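Good morning, colleagues. Please have the sequence and the model in view.

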Amino acid sequence: MTHRILVLPGDGIGPEIVAEAVRILELLRAEFGLAVEIEEGKVGGAAYEAAGSPLPEETLRLARAADAVLLGAVGGPRWEGLARELRPERGLLGLRAELGLFANLRPALLYPQLAAASSLRPEIVAGLDLMIVRELTGGIYFGTPRGVRDEGGVRTAYNTMVYSEAEIERIGRVAFETARRRSGRLCSVDKANVLEVSELWREVLTALAAEFPDVTLSHLYVDNAAMQLVRAPKQFDVIVTGNLFGDILSDQAAMLTGSIGMLPSASLDAHGKGMYEPIHGSAPDIAGRGTANPLATILSVAMLLRHSLGEEEAAARVERAVGAALDQGLRTPDIAAPGTRAAGTREMGAAVAAALRAQAR
Ligand code: NAD
């Protein structure tokens with residue numbers, strides 16, 4: 001069976017970093033027999049320029065037909081003045097909503113070669129490898145009623161945090177399955193001492209644990225989780241949490257690794273289809289210079305292979321090739337030590353490709 005992959009380079013550094021990721025996919029096809037068909041589409045500012053919409057109907061059609069989507073990044077100063085519904089970010093949110101991508105997987109992995117890049121002491125973060133599973137389509141970001149009203153001459157704003165049992169169970173299952181594939185430890189983060197939503201969250205997660213006897217479930221309040229993440233982050237393996245807490249904790253965890261240019265992410269639907277993208281944005285400040293770090297996008301390919309295509313071996317190969325390129329001492333400017341020579345986007349991509357090719361021999 002041939003897997004269909006839709007590639008959406010997007011804006012800013014998107015096209016530069018996605019080109020290196022596609023090079024890896026093509027190499028896997030040519031030398032390791034990976035059965036993939038790669039199509040390209042437009043999203044974000046690039047799509048607005050070409051078709052007047054950040055998410056053209058054609059892109060949506062291709063995304064629906066694909067087994068997985070690989071995205072670069074969207075956005076840039078050029079489109080900031082546009083009406084909200086025409087802005088590049090709408091393309092991304094539209095794709096998430098239209099494809100029903102409710103489970104956001106955000107690994108925070110610190111390659112031992114880069115331990116000095118973290119703002120924490122190397123012994124606290126060296127070898128860090130944790131996964132945050134964030135609910136992406138519910139919670140306070142989407143709950144109604146929401147708005148601003150006038151209460152006796154005083155403007156008052158309100159949002160609603162809401163999760164149904166079904167929504168909690170759905171993300172819970174993804175988290176338990178993820179923990180099962182890793183070390184078997186899952187920590188659920190909530191605020192059950194204050195919020196009814198969190199009480200239900202905790203109840204549903206605890207009930208679900210009976211179906212996963214091989215996974216050990218623990219619970220933490222979100223304030224404690226934030227402290228523990230900087231005190232002793234290696235105590236965690238998989239963390240599951242709602243949309244709001246996950247938004248904050250996943251960025252905090254990303255910073256532990258020192259470079260956002262290294263971290264991939266996945267957003268999955270209920271059937272294994274997913275959209276894969278680096279966690280960083282379109283970096284307009286360095287776009288077109290050929291200096292962007294392509295590794296987060298290449299590692300997004302590894303996640304795509306693992307989670308949507310079931311190609312675990314190919315995923316592990318890509319991750320090993322990234323490790324090998326770092327072992328050779330190659331560093332893009334964002335991860336290079338001051339005063340050392342930095343590699344460009346293409347040089348880094350070529351080194352990963354060469355390390356991958358070497359595994360074929
Ligand atoms: P950003 O992540 O684009 O950049 C933050 C900093 O990190 C910049 O200094 C940038 O040069 C650097 N950086 C980012 N990726 C890098 C890489 N691969 N290699 C080396 N350095 C890298 O965030 P921002 O500057 O706040 O946003 C820029 C644009 O991106 C905005 O339009 C924003 O809306 C958009 N954005 C898009 C996404 C997405 O597409 N998922 C996510 C965040 C921001």
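Helix H6, residues 165-181, packs against helix H7, residues 196-208, at an angle of about 50°, and their axes are 9 Å apart. Axes here are lines fitted to C-alpha atoms, for helices over the stretch in contact, with angles running from 0 to 180 degrees between N-to-C directions. Helices (H or I, at least four residues) and strands (E, at least two) are DSSP runs numbered from the N terminus.

This is a predicted model, in which local features need pLDDT of at least 70 and side-chain atom pairs count only at pLDDT 80 or more, while totals for chains, interfaces and linings use all residues. Residues are numbered from 1 along each chain as its sequence is written, and side-chain values use heavy atoms, with hydrogens and water left out.

H6 and H7 are therefore oblique to each other; angles under 35 degrees count as roughly parallel, over 145 as roughly antiparallel, 65 to 115 as roughly perpendicular and the rest as oblique. Which residues of H6 meet H7? They are Glu165, Ile168, Glu169, Ile171, Gly172, Arg173 and Phe176, and their partners in H7 are Leu200, Trp201, Val204, Leu205 and Leu208, where contact means heavy atoms within 4.5 Å. By class, the contact of H6 with H7 has eight nonpolar, one polar and three charged residues. Ala, Val, Leu, Ile, Met, Phe, Trp, Tyr, Cys and Pro count as nonpolar, Asp, Glu, Lys and Arg as charged, and the others, Gly among them, as polar.

The second pair is H8, residues 222-231, and H9, residues 243-256, which pack at about 10° with axes 10 Å apart. That angle makes H8 roughly parallel to H9. In H8, Val222, Ala225, Ala226, Leu229 and Val230 meet Phe245, Leu249, Gln252 and Leu256 of H9. The contact of H8 with H9 comprises eight nonpolar residues, one polar and no charged.

Turning to the ligand, 20 residues surround it, and the closest are Val74, Glu89, Gly281, Ala283 and Asp285; a residue counts if one of its heavy atoms lies within 4 Å. A polar backbone atom of valine 74 is 2.9 Å from a ligand oxygen. For alanine 283, a backbone N or O atom lies 2.8 Å from an oxygen atom of the ligand.

Alanine 283 also has a positive phi of about 40° although it is not a glycine, and its place is in the loop between strand E12 (274-278) and helix H10 (295-307). Finally, a cis peptide bond joins threonine 144 and proline 145, with omega about 5°.

How values were computed: Polar contact = N/O pair within 3.5 Å; in protein donor to acceptor, adjacent residues only side chain to side chain.
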